[in-house]
Amino acid sequence: MGIVAHVDAGKTSLTERLLHAAGVIDRVGRVDDGNTQTDSMELERQRGITIRSAVVAFALGDLPVNLIDTPGHSDFIAEVERALSVLDGAVLVISAVEGVQPQTRLLMRTLHRLHIPTLLFVNKIDRVGARYDELLADIRRLLTPAAVPMGTVTELGMRSARFEPSPVRNPVLGEVLAERDDGFLEQYLEDNHPDYATELRRQVARGVVHPVYFGSAMTGVGVPELIDGIRAWLPRATTSSEDPLQARVFKVERGAAGQKIAAARIIGGALTARTPVDVHPVDGSAYQTRPSGIEVFEQGGRHSVDRAEAGQIVALRGLKSIRIGDQLGVRGGQVARLFAPPTLETVVTARDRVKLFQALTQLAEQDPLIRVRKADEITVSLYGEVQKEVIASLLATEYGVEVTFSETTPIHVEQLIGTGSALREITAPGNLWAAGVGFRVSPVAEGIEYELEVELGGLPRAFHNAIEETVRQSLHQGLFGWEVPDIHVALTHTAYYSPVTVAADFRRLVPLVLMQAIAAAGTRVMEPVNQFELDVPAETISRVLAHVAEHRGVVTHTNLTETQAHLEGTIPAATTHGFESALPTLSHGEGMLATAFHAYVPAGGPPATRTRTDGNPSNEKEYLIYLGQSNR
């Protein structure tokens with residue numbers, strides 16, 4: 001089960017309350033005091049936010065629960081994505097005071113897309129400004145029309161606030177269930193005493209109805225009723241230890257001695273320590289390894305076992321090459337990317353450049369959306385400015401590396417303009433390698449498509465693998481140094497000398513010929529644009545609109561009331577941070593902005609370029625000098 005919410009809604013406090021109810025901890029920790037169970041990083045305790053998803057296991061009666069507490073800040077959305085890939089159910093936490101935030105809407109849309117059964121918990125009913133009827137209306141309008149309150153609140157907004165549960169058999173729930181199932185509708189209309197509880201359980205499991213509970217994680221009010229709801233309505237894992245092994249890695253961290261520890265959900269079958277297991281990385285390859293140790297999460301901690309079974313979350317040791325997203329045992333379907341990759345990057349500098357690169361490379365293993373590039377400078381990709389502070393803290397505390405960052409800049413991409421071809425015969429004058437290759441490239445809507453227009457048997461398999469791997473690697477840097485993400489590459493010609501040719505001949509020739517084909521097609525540089533939702537006091541609307549325009553933003557929707565203005569639109573990633581920095585002053589400190597990647601659009605002005613790390617195969621002379629230096 002996952003607990004998800006926007007920042008400061010009370011996810012971690014609710015986790016503490018659930019652990020206390022399960023008897024795992026004697027006293028409930030407070031985020032403000034920095035003594036919560038799941039926020040173990042020093043920076044998490046200092047800032048009072050969750051940065052890395054944390055796993056904790058406990059029992060609610062006869063129901064074993066593996067709970068994942070996820071970050072709420074949008075800079076750490078990648079952590080949320082990985083947690084969602086292994087969930088049976090979720091609790092979405094909403095503040096009764098702040099209400100439905102843009103981040104809440106993003107999370108609910110994602111839960112819907114994945115068909116994850118979800119309960120809603122409205123927290124902070126004891127705070128001044130807490131709402132009930134108005135908030136329920138917002139939930140139904142902005143999140144889901146199938147939100148069903150499972151009770152009412154008395155003394156709302158006071159320290160004495162209480163949640164009064166309603167009987168399951170009630171007209172509001174009956175109407176919602178009847179609208180979504182014809183069989184239940186027939187029984188409901190004929191008053192044949194339909195089974196409300198069974199139907200609710202079934203519709204929650206389908207992800208079409210969402211019970212809403214109210215309470216306070218700080219005082220514990222409403223939490224027992226939420227626990228009853230978790231036990232009654234969220235579906236339990238049904239896979240068996242008799243099934244073939246299937247597991248998914250959703251987190252990788254480093255132990256005290258620097259060794260990798262991989263957290264994986266066992267979806268089916270069983271996993272035994274020191275027994276060979278098939279690993280299926282996200283790139284489609286496969287290899288076999290054996291975990292040297294297995295730990296299961298249980299009663300707030302974890303302990304070593306020789307065998308773990310379906311339904312459990314395990315921490316695996318001894319898997320040196322393991323990465324987030326890898327699957328163990330039988331390969332299942334890949335989880336599609338739910339959120340966009342980072343669109344910002346920054347240059348990182350330190351006194352010891354070698355140690356810095358090694359440390360960043362290890363951090364990238366724990367977060368695959370952190371891309372590290374080493375050219376004249378070392379750069380790292382980001383979702384936002386808060387990540388800079390987190391990366392700096394991790395590098396200082398875990399690796400002893402003090403760093404500074406440059407100003408954050410947007411990551412552009414290159415879009416193919418037309419179709420282009422290139423060919424280098426094995427016998428061509430000046431061809432330094434015992435290989436020949438030809439390509440045709442053309443634009444596609446999304447993704448990299450690789451096609452063979454040569455006979456597969458005309459070339460050894462190892463050479464074909466070398467060609468395709470090099471093509472995909474080369475597309476990280478197009479004509480201007482930016483990635484070319486949407487392209488169809490057809491292999492139109494190959495040649496080799498047996499037994500002279502080796503795979504390295506193709507690995508060195510392919511970038512040259514591929515870049516010639518891309519140059520023939522041409523590329524345009526595209527900049528990232530974010531979608532934004534913005535709430536500001538109504539009296540500040542004119543100043544805010546002026547600054548949106550000044551930062552090249554476009555407002556597409558406006559909703560204005562006497563006191564509040566809600567704006568939606570787009571703004572370039574390059575100017576988002578500048579606008580965000582000015583917003584507190586513009587809105588008297590009351591503005592709330594949420595952004596998410598929207599699209600890439602043609603960049604204005606001269607094409608932005610990026611420092612290359614590949615020797616620039618679009619310039620053969622430079623490329624040959626680079627290869628010569630690399631061989632020394």
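Predicted model: local features only at pLDDT ≥ 70, side-chain atom pairs only at ≥ 80, totals over all residues.
Buried here means under 20% relative accessible area.

Helix 8 covers residues 196-205, and its buried residues are Tyr 196, Glu 199, Leu 200, Gln 203 and Val 204. Looking down the helix axis, these fall within an arc of 130°, so they line one face of helix 8. What do the buried residues of helix 8 pack against? Their partners are strand 5 (118-123), strand 9 (210-214), helix 6 (171-179), helix 7 (182-189) and helix 9 (223-233).

Now the ends. After helix 8 comes Gly 207, which has a positive phi, near 75°.

On to salt bridges; the count is 25. One network links Arg 131, Glu 134, Asp 138 and Arg 141. Within it, Asp 138 pairs with Arg 131 at 3.4 Å, N to O. Asp 138 is buried at 16% relative accessible area, and Arg 131 is buried at 17%. Asp 138 also meets Arg 141, at 3.1 Å, N to O. Those two sit three residues apart in helix 5 (residues 133-142), about one helical turn. Arg 141 is exposed, at 57%.

The last pair is Glu 469 and Arg 507, whose closest N and O atoms are 3.2 Å apart. Glu 469 is partly exposed at 45% relative accessibility, and Arg 507 is partly exposed at 37%.

Technical notes:
Residues numbered from 1 in each chain as written. Heavy atoms only, no water. Buried < 20%, exposed > 50% of the residue type's maximum accessible area, 1.4 Å probe, protein only. Helix = DSSP H or I, 4+ residues; strand = E, 2+ residues; numbered from the N terminus. Arc of directions from axis to C-beta. Contact = heavy atoms within 4.5 Å. Salt bridge = Lys/Arg side-chain N within 4 Å of Asp/Glu carboxyl O.
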